[in-house]
Amino acid sequence: MKGCGYTSGSGRGAGMRRDGTATETATAGDTAKDAQRLGRYRLLDLIGRDGDARLHRALDANGQAVLLWTVPLARLCADAAGLERFRRMASAAARLSHPAIPVILASGEHAGTAFVAAAPADGPTLAARLADGPLAWDETVATLDRVLDALAAAHRAGVVHGALTPDSILHAGPAAVVTGFGRAALTMAPLDRHDDLAAVARLTERLLTGHDDRPGVAALLAMLRDGAPAALPEAGHLHRAVAALDGALALPPVAAPVRRRRWPLWLGGAALAGGLAAIAVMNQRSPDRPPVATRIEDVRPEPAPPPPPSPPSPSQLTVPRQPPVAMVAAALRAIPCALVGVETTGGRLLVSGTVAGERAETAVRESVEVLAAGWDHGFDLATADARFCAPLGSVAKARTANRGLAQPLTVTVQDGPALDADDPLVLEIRAPAHPVQLQVDYFTVDGSVVHLLPNPSDSAIALAAGASRRLGDRTEDGRPGSGRTWTIGPPFGTEMLLTIATAAPLFAIPRPEQEQAADYLSALSDALTALPDDAPEALADARFIRTGP
């Protein structure tokens, strides 16, 4: 889509255009039916209003429930930068990854309406809970901890909430959920993090009121009432101040974890051997020296010997132990719904990549917390839709087989892994050390799959041993080449490219160029199961692609 006043459908939902032509598959219905739909979403009921914005319950093309914020596109076009600001802010919100923030599933424009779709979140609001009186102290601290941590994470990602109130928070305590992220993209009001800080200061004051008798609470309340943004200029500062209230202890400065030094086994053995040798020498007889006393009563006091020299530190004797990178990496490879890597930076272990759904993210974090306990470690994780877990799981065995090869199947995305609107999707595929037949699939953010190879204009799926091939290539002036080409388009989000290599074609009859992912995954599972036992193992390469305006 280019500019305001132009409307386009997103029924295809693959985030791509084929050969420069939109592949819209939705058909226009009667007026009443259209009034209940917005592209691939079926609107159920209106549950909220905020100025020109409307909040709907809706179902996507796969029948999955979503919450849909909408605003007339003309509202965003009131100034020249409005539409671009919406796209930028919505894209940033979609990259948020925090357990207290519902995932932003998609955003875009359709038929004169701009929208932001988020994962549904249900439950009592914090406002309803507070109507019955103050929360208990433990629940108060846990609620603020969760909300402030979510807000600090959003601000680090450059995202503001813009309307943080007890009504936008569901549940309380460690299960609190902050809804409404992404809504700010649809407003024309100038918002920044200072608006969020003022709002969260009011929220903190409301939650702490009634606990004034606890140490430190009265002082923090006075600070908030005198103007928190000046005294606590970041959400993280307020987060630490609230955490310090639990026991009224000032938080210690952040420091690297203390690790106990271990003397290696060989060093202990050397010390023992040295001790035994010393005893042996002491017990040797010499003509001018009496035997060493062997009874306690025969021991005579002697002058104290001079203190021995200080022993060398372990760091002088051994190479410092390194973080358990290999062990952590092996454990994370066993989580089929995660495409993550492990590295060390300045002695700090860093886990980065993309996971499909919150369960996969929890599994990654818990595995690292156990295996890297005692080491400084961190995470840089993006969370994709949980539905991508299904295709990843279907090829888990093939991915493992591919990793075990000295010359594996590899796929490179030109300019990946992040592509913007109108960017071409160009791939380079290199075969392993034996000939293969390729199946290349692009799983979309809205639940469909586009088969890049084979496709109606290209059925050449054989690749010789060690050979490489480019898909989606263009001429020097950027025009489509002789084969299929693809261009990134709405709807945007995190999508997935899956390449499978087998000895024989995976499907005797090519699949339709585009179909629902659920239908394809059932057929894919059957095809992989039907591979002959004596055939070379299937190989697979999977990678996420972030698309945005």
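Reply: The axes of α5 and helix α6 (residues 193-208) come within 11 Å and cross at roughly 175 degrees. This is a predicted model, where local features need pLDDT of at least 70, side-chain atom pairs count only at pLDDT 80 or more, and totals for chains, interfaces and linings use all residues. Residues are numbered from 1 along each chain as its sequence is written, and side-chain values use heavy atoms, with hydrogens and water left out.

Me: Which residues of α5 and α6 meet?

Reply: Contact means heavy atoms within 4.5 Å. From α5 come W137, T140, T143, L144, V147, L148, L151 and H155; from α6 come R193, D196, V200, L203, T204, L207 and L208. For classes, Ala, Val, Leu, Ile, Met, Phe, Trp, Tyr, Cys and Pro count as nonpolar, Asp, Glu, Lys and Arg as charged, and the others, Gly among them, as polar. The α5 and α6 contact has nine nonpolar, four polar and two charged residues.

Me: How does α5 (residues 137-156) cross α9 (residues 235-243)?

Reply: Their axes come within 8 Å and cross at roughly 160 degrees. That makes α5 roughly antiparallel to α9. A crossing is left-handed if the near helix is turned anticlockwise from the far one by less than a right angle, and right-handed if clockwise. α5 passes α9 in a left-handed crossing. On the α5 side, the contact uses L144, D145, L148, D149, L151, A152 and H155; on the α9 side, A235, G236, L238, H239 and V242. By class, that is seven nonpolar, three polar and two charged residues.

Me: What about α6 and α7?

Reply: The axes of α6 and helix α7 (residues 217-225) come within 10 Å, crossing at roughly 145 degrees. This crossing is left-handed. A201, T204, E205 and L208 of α6 touch V217, L220, L221, L224 and R225 of α7. Six of these residues are nonpolar, one is polar and two are charged.

Me: How do I tell a cavity from a pocket?

Reply: On a 1 Å grid over the protein atoms alone, a cavity is a set of points where a 1.4 Å probe fits but cannot get out, and a pocket is an open set with protein on both sides within 12 Å along at least five of seven lines; lining residues have an atom within 4 Å of a point. Grid points are joined across faces, edges and corners, and a volume is the space filled by probe spheres set on the points. The largest pocket holds about 1000 Å³. It has 44 lining residues, and R95, L96, S97, A157 and L381 are the closest to its centre. Strand β12 (residues 377-384) gives the most to this lining, with eight residues.

Me: How many cavities are there?

Reply: There are three cavities of 30 Å³ or more. The largest cavity has a volume of about 60 Å³. Its lining has five nonpolar, no polar and five charged residues.

Me: Where are the cis peptide bonds?

Reply: One runs from L453 to P454, with omega near -5 degrees. Another runs from P490 to P491, with omega near 0 degrees.

How values were computed:
Axes fitted to C-alpha atoms, helices over the stretch in contact; angles between N-to-C directions. Helix = DSSP H or I, 4+ residues; strand = E, 2+ residues; numbered from the N terminus. Parallel < 35°, antiparallel > 145°, perpendicular 65-115°, else oblique.
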